[in-house]
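Hi there,

Here is the structure I promised to pass on. Please have a look, and my notes follow below.

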Amino acid sequence: MWRNWYKTAVFLLFIILSFVDVQSQEYDYIFNETKNTKLQNHSITSIVQDLNGFLWIGTNLGLYRYDGYDFTPFNISSKPSQLDNHITTLLTHNENLWIGSDQGIHILNTTNYKITSLTNHKNDTTSIPINMVSKLYKDKQNTIWVCYNTNQISKYLGNNQFKNFTISSLSADFKLDNIFETFGNSYILKFSNNKTKITKIIRARLINNKFYIKTLKKINYGNNVLFNFDYKIYLIENNNIFSYNSFIDGFKLTPSFFNNTLDFQVATYFKKNAIYLGTSKSSFYKLSFGKNISMVNTIIDQNNSRVNNFLVDKSGILWVGTSSGLYKLKKQKKLFNTYLYNNQLNKENEIRSIIQDYKENIYAINQNDIFQYNFTTKKFDNLNWLNNINSTPFTICEYDNNNFLVGFQGGGIGIYNKKTTSLKNYFENKSTVSSSVLKLFKDKNNIVWIGTLNGLNYYDQKKDTLIKNLNLSKDHLKSDIIFDIKLDSENNLWVGTNNGLFSLKVDYSTNPLTINSFKIKNLPYEIHSILINKNILWLTTKFNGLLKYNTSTKKTILFNESKGLSVNTTYSILPGKRNELWIGTSFGLSRFDTIQNEFMNFFDYNGLAGSQSNSFSQLKTKTGQLFFGGKNGITSFFPVQIAIDSTNYPLNLVNINWYNTNKKSNTIKTKINNQRFTELKIPFNNAFITFEFSLADYFKPTKNHFKYRLNGFLNEWKILNNTNKLSYTNIPPGKYLLEVLALNADGNWNKETLRLPITVNQIYYKRWWFILAIALFFGLLLFLIRKYELSHILKMENLRIRIARDLHDELGSILTGIAIKSDLLLEKIKFNSKKEILKVISEQSRIAVDSLSDIVWAIDSKNNSIQELSDRMESLMYQFLSPLNISITYQTLQNIKNLEINQDYRQHVFLIFKEAITNIIKHSNASLVFVSMVKKKSSIKLTIADNGTKITTSKSNLNGNGINNMTLRAEKIKGKIKFSNDNGYTVELNFPYKNI
């Protein structure tokens, strides 16, 4: 209770003391994020941030999701949403985004993007009363309240149901603009009536699901805004401020006023004791409560746009929604000290060289003057040297305790006296250096090495000798541009040139010096700066990034933009404190971790004195402070003071695309809780697959970098430079794990690692189920082939058995009879008997021949047709019946003659027919035989009839072996046979044609 009273007292004290004195422009970075986008002419009605870090922007023309790269529309004309285009209010609740519009409420699940629509249904009292939603509010109990463009309010009960309340003391013309919770189920409601121009502030106390209403204040339409400060309610009306007092259950006027009438339109309270008050004039006021209470005015632009809403996101960026787009504001974090910055001098100030003398004083020269660092004022003071040389200085080095040597761009070397501050030509009585001097380096033997635009010179201070245009070797060092000269621990000189790197071995005992030069052949780069660390040379290059050269192994490793360097043009380099290097480039300053082989990049918005460094302007002082000179002054810092912090912002996999189509997969996200993704399965023919990432740090989203590796494919970490898209082509089938880390624009690595298991499916003919199916198929094929072979063998065996049986049945008895009769002849029986026996032998021999002919015909596959069967039957009738003067009538329909018939069926049908004809010959006195064969729906009917009058009454004759044989054969072909002797003897055979 004391804490709440204290805050109230502090706030009121602030009102009394602070409103008169208003500071201006707290934010030094203001950017219109929607400029040159589809949203640049939209009125921003609401801004929220979901659990995944995405920003959701409600506008008068639709809903948009912002991931730092794209504004993705979710409006009525786009999928997957069916949202109304006029968004009035947004609210996040767990993983759901509540969207209020003129067409009701839509609940969007930000994980799977499913939408639930809640609209008014006339006959459902648990639905919302009308669709015109004006405000969504969530109280301390996470209860969601819905305001409307009328005198009604709804409480969400869950399961898409609402409890609706009507403020009966107000007409339906009143619109509920806002709601704030106080305490004890009490709420302050603000209603406005556009017709009567009246605003009413109402206290609503909820008891047993019933509102008890009291009107606290009636305001004629004008400038007024209601806001909440730590659950304390305040009202600004014109120039007056009122606070809600629960003891008197009303608003109390504070004894203070604004010195100017401020057109407040909206007010938002955020944590850390800050209240934002928006106006209709493209500006807002921030009320802060800390050690000092302050009110700061910030002007966004000059368009007089209405400020509608505010959001402070998870990274601390302030977002301001206006009637003309979305603005991003941030206080820039200055990591570095800057000196002689051109913004301070209002003129170009290119720092050419920086040195520290034996007294640890620090000097710098630009294109005109020399400066000395003042440790008291922390500034560089202009020494106003007396320059007697009509040329531009370029480089400087300490000559002795009192003098500096200065190299000039137009040629020549001057000497500067620190006491007299005079600068004059050093070689007045000697032939001077003709070319521009870019580098001066004094070694331990008091030899001054002079690098020029046209080769290497040196000056021997002891012997007062200047040696120019050294012709050292066939490597043409004489004509090269000399950028840097360094001495290693073994007294070897290393020279960086536009033509590569040279090593010089110097014999100081000779006069002139004996110099042997060696060009490092595997370094054909333009070397601008050299840093020596034992047997390792670190080299900055013009277009190839940073080089690591091992003088022992002669091996070179290249670190460029693909490894995370800000740009491939590097100029200067200095060692840090923790195994790191600092590299000045043409675009920012880079920190390189030599253990992890990782870069961290810094730019002008981090506090650098401009983006571009100079090749000859770098210094590490004896205290460890680093100075980098550039096009726009000096950047200085102590490396240990540059905090390498980690961030904890949501890292998302926004989209996955494969093939050359515009079809996007479902969006995949992480909630930054190490929740593992479900496995992503992609087809084997993934000709091109792209992953898009997003880090919820939106200060400079295009400066965010991503480091990735695909375990199982390429396990080495790689950097994505200047893009959030990672592409692969033709990933081979297998299981992989994609890991991604993010680096924000301030150079801090994000804590969380995004992990996505990936399975690339094998091509179908290499997958186990296909191989198994093929094996089963061929196994089945071999089985069927073998089964066919066995079936064929069995069929041939059956054929042989059948032939043997037929020969035995048809010919065996006949041949046996012939043999018996032949034996009787051998016994020389009487003549009459011989004649009868010979007649029987003759008849049986003919029968044997006929039977053999029938068997041969039956097994010949060329006869498998109704036509052949019909011809055979007709031939048999004429052969058997014509000699007996029996007339024949044979009818076979033409439409069945071309039908094929199974060999077995053909044989059985023919033998049934033959048996029937034989029975007619043997047992009938017929003079006419009628035979017909016709086709029915699914069968063929064979009829054999005679006109015989001879009647056999013996049962054995009617059901003898012949009839039994015919019946058995009919069963074998699944047919039915019928016998009758009315008006002659008739045999009818019906057998199914479908089985033929």
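**What I found**

Of the 21 residues of helix α6, 16 are buried (under 20% relative accessible area, with a 1.4 Å probe and protein chains only), so the helix is largely enclosed by the rest of the structure. Helix α6 covers residues 903-923 and reaches 30 Å from its first C-alpha to its last, close to the 30 Å expected at 1.5 Å a residue (1.5 Å times one less than the number of residues).

Before you read on: this is a predicted model, where local features need pLDDT of at least 70, side-chain atom pairs count only at pLDDT 80 or more, and totals for chains, interfaces and linings use all residues. Residues are numbered from 1 along each chain as its sequence is written, and side-chain values use heavy atoms, leaving out hydrogens and water.

Next, Lys 155, which sits in strand β13 (residues 152-158). Lys 155 is buried but has no salt bridge (a side-chain nitrogen of Lys or Arg within 4 Å of a carboxyl oxygen of Asp or Glu). The nearest side chain of opposite charge is Asp 139, 6.9 Å away. Leaving aside residues up to four places away in sequence, Lys 155 touches (heavy atoms within 4.5 Å) residues including Trp 145, Phe 162, Phe 165 and Leu 206.

Finally, β57 (626-630) and β58 (633-637) each supply at least two residues of the lining of the largest cavity. The largest share of that lining, 3 residues, comes from β57.

Best wishes

How values were computed: Helix = DSSP H or I, 4+ residues; strand = E, 2+ residues; numbered from the N terminus. Buried < 20%, exposed > 50% of the residue type's maximum accessible area, 1.4 Å probe, protein only. Lys, Arg positive; Asp, Glu negative; His and termini not counted.
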